[in-house]
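Good morning, everyone, and thank you for making time for this. I would like to walk you through one protein chain, beginning with the whole and then turning to a few single residues.

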Amino acid sequence: MQQIIVDISISPDEWIKLYQGLATDVRTTARDGRSVRFPARILSRFYLSDGVRGSFRILFDDSGKFTTIERISR
């Protein structure tokens, strides 16, 4: 299993655009410098009144398919 660690800061206004489907993917840079893109829906359970913020570990299989995400710090 492979993993990436990303630091995310999505404001409530940006989240509304993702939630409404105006944008579907989150694009960011992993801590190791890789550019990554993933479906915004995997962050849904981490949404709070101030948006989505924190560091996350995203796990995926050897074919690059998402398996799980966990918050490692806020």
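This is a predicted model: local features need pLDDT of at least 70, side-chain atom pairs count only at pLDDT 80 or more; totals for chains, interfaces and linings use all residues.

The C-alpha trace, taken along its principal axes, spans about 35 × 25 × 20 Å.

How much of the chain is buried? Of the 74 residues, 34% are buried. The accessible surface comes to about 4,800 Å², and carbon and sulfur atoms account for 48% of that surface. As for charge, there are 12 positive and 9 negative side chains, and the centres of these two sets lie 2 Å apart. If we take the contacts between residues at least 6 apart in sequence, 53% of them join residues at least 24 apart.

Let me turn to the interior. In soluble globular proteins, nonpolar side chains tend to be buried together. In this chain the largest nonpolar core has 19 residues, and the members that touch the most other members are V6, I8, I10, V26, F38, L43 and V52. Two or more residues of this core come from each of β1 (2–10), α1 (12–19), β3 (35–39) and β4 (52–60).

Setting aside residues up to four places away in sequence, V6 touches T28, T29, A30, V36, G54, S55, F56 and I58. I shall follow two of these partners, T28 and V36.

T28 sits in strand β2, which covers residues 25–29. Is T28 buried or exposed? Its relative accessibility is 18%, and since the cut-off for buried is under 20%, T28 counts as buried. Although T28 and V6 are 22 residues apart along the chain, their C-alpha atoms are separated by 7.4 Å. Beyond its neighbours within four places in sequence, T28 is in contact with V6, D7, I8, R34, S35, V36 and F38.

V36, which belongs to strand β3, has a relative accessibility of 12% and so counts as buried.

For contrast, consider T24, which is placed in the loop between α1 and β2. Because its relative accessibility is 53%, T24 counts as exposed. Even so, T24 has contacts beyond the residues up to four places away in sequence, namely L18, F38, P39 and A40. With A40 in particular, the separation is 16 residues in sequence and 5.8 Å in space, from C-alpha to C-alpha.

That is where I will stop, and I am glad to go back to any of these residues with you.

Definitions and conventions: Residues are numbered from 1 along each chain as its sequence is written. Side-chain values use heavy atoms; hydrogens and water are left out. Buried means under 20% relative accessible area, exposed over 50%, partly exposed in between (1.4 Å probe, protein chains only). Contact means heavy atoms within 4.5 Å. Accessible areas come from the Shrake-Rupley method with a 1.4 Å probe; for residues, only the protein chains shown count as cover. Lys and Arg count as positive and Asp and Glu as negative; His and the chain ends are not counted. The place of a charge is taken as NZ of Lys, CZ of Arg, CG of Asp or CD of Glu. A nonpolar core is a set of buried Ala, Val, Leu, Ile, Met, Phe, Trp, Tyr and Cys residues joined through side-chain atoms within 4.5 Å. Helices (H or I, at least four residues) and strands (E, at least two) are DSSP runs, numbered from the N terminus.
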